[in-house]
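Work through these exercises with the sequence and the model open side by side. Try each task before reading its solution.

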Amino acid sequence: MESEAICEVALSERLMQLRETIADLAVKYHRQPDEIRLLAVSKKHSVNNIRTAYHHGQTAFGENYVDEAEAKIKILQDLKIDWHYIGPIQSNKTRRIAEQFMWVHSIDRVKVAQRLNDQRPGHLPPLNVCIQVNIDLESTKSGALPEHALALVEAILLMPKLRLRGLMAVPRPRTVLNEQREPFARLRQLFERLKSVEPKLDTLSMGMSADIEAAIAEGTTMLRVGTALFGPRV
Ligand SMILES: *Cc1c(COP(=O)(O)O)cnc(C)c1O
């Protein structure tokens, strides 16, 4: 009992610290603090931790695995959580994603977008979606190539049960701030070009525990933070 209570304090402290860090960096880079949202990435972390963060004001949570997420969503259905799917999407899992999430960050092909659109239940609002971009052109990474993003935007704009919000990327790891900023700057430039086609785009989902500052410097509107909030995944 006691050790659990101590953990709870640590988590709420880390959440407050993280909010402070984001607010300070927003000032440093002349950003509006309220245009930077925090998505708590809870994959491989317990429902108790999610509950604790929720009770300290965190309402958006990100998950990568459909089976794991589905179990948590069921247990936590008494809470008003906004669930975001941020993992790779297999075609045979799209129905469960379309039925249970409010956001999907990882659309990388028309086929998956079409299935999510067709399978989004009629009684739910449109699914908020971001296109995942393979910003470092890595052969092993999921995500659409930057040159395919415009075609994907145009296709998704024709799908009534999807609401296209913006772009997401997971760059290859870099350690130095200036190097971390470079792929985020390219993602933001692509985002600006796509905004001239669709001005309603409002979301740049970029930045994780190790590159929060670089992402804020380059215009992120949604940080996806796991480790810095919940600790290491086991
Ligand atoms: C796991 C994951 C995160 C969070 O990563 P941390 O380094 O733990 O902050 C963010 N985005 C995606 C797509 C992830 O898979």
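A pocket, on a 1 Å grid over the protein atoms alone, is an open set of points with protein on both sides within 12 Å along at least five of seven lines. A molecule sits in a pocket if more than half of its atoms lie within 2 Å of its grid points. This is a predicted model, where local features need pLDDT of at least 70, side-chain atom pairs count only at pLDDT 80 or more, and totals for chains, interfaces and linings use all residues. Residues are numbered from 1 along each chain as its sequence is written, and side-chain values use heavy atoms, with hydrogens and water left out.

**Exercise 1. Locate the ligand and describe its shell.**

Step 1. Find the site. The ligand sits in the largest pocket.

Step 2. List the residues around the ligand (a heavy atom within 4 Å). They are Val41, Lys43, Asn64, Ile86, Val170, Met208, Ser209, Arg224, Val225, Gly226, Thr227 and Arg233.

Step 3. Sort the shell by type. Five residues are nonpolar, four polar and three charged. Here Ala, Val, Leu, Ile, Met, Phe, Trp, Tyr, Cys and Pro count as nonpolar; Asp, Glu, Lys and Arg count as charged; the others, Gly among them, count as polar.

**Exercise 2. Find side chains that make polar contacts with the ligand, and state how much of the ligand is buried.**

Step 1. Set the cut-off. A polar contact is a pair of N or O atoms within 3.5 Å.

Step 2. Check the ligand oxygens. The side chain of Ser209 places an N or O atom 2.5 Å from an oxygen atom of the ligand. For Asn64, a polar side-chain atom is 2.7 Å from a ligand oxygen atom.

Step 3. A ligand nitrogen atom lies 2.9 Å from a polar side-chain atom of Arg224.

Step 4. Turn to area. The ligand taken alone exposes 390 Å², and the protein buries 87% of that. Accessible areas come from the Shrake-Rupley method with a 1.4 Å probe.

**Exercise 3. Which residues of helix α2 are buried, and what is the phi of Gly57?**

Step 1. Helices (H or I, at least four residues) and strands (E, at least two) are DSSP runs, numbered from the N terminus. Buried means under 20% relative accessible area, exposed over 50%, and partly exposed in between (1.4 Å probe, protein chains only).

Step 2. Read helix α2, residues 47-55. Its buried residues include Ile50, Thr52, Ala53 and Tyr54.

Step 3. Recall the geometry. An α-helix has 3.6 residues a turn, so residues three or four places apart point the same way.

Step 4. Gly57 follows α2 and has a positive phi, near 95°.

**Exercise 4. Examine His30 and Lys44: where does each lie, and is each exposed or partly exposed?**

Step 1. Take His30. It is in the loop between α1 (2-28) and β1 (37-41). His30 counts as exposed because its relative accessible area is 77%.

Step 2. Take Lys44. It is in the loop between β1 and α2. Its phi is about 65°, positive although Lys44 is not a glycine. Lys44 is partly exposed because its relative accessible area is 46%.

**Exercise 5. How far apart are the C-alpha atoms of Glu179 and Ala214?**

Step 1. Glu179 is partly exposed, because its relative accessibility is 45%.

Step 2. Read the spacing. Glu179 and Ala214 are 35 residues apart along the chain, and their C-alpha atoms are separated by 8.6 Å.

Methods:
A residue is near a molecule or strand if one of its heavy atoms lies within 4 Å of it. A polar contact is a pair of N or O atoms within 3.5 Å; within protein, one must be able to donate a hydrogen and the other to accept it, and residues adjacent in sequence count only if both atoms are side-chain atoms. On a 1 Å grid over the protein atoms alone, a cavity is a set of points where a 1.4 Å probe fits but cannot get out, and a pocket is an open set with protein on both sides within 12 Å along at least five of seven lines; lining residues have an atom within 4 Å of a point.
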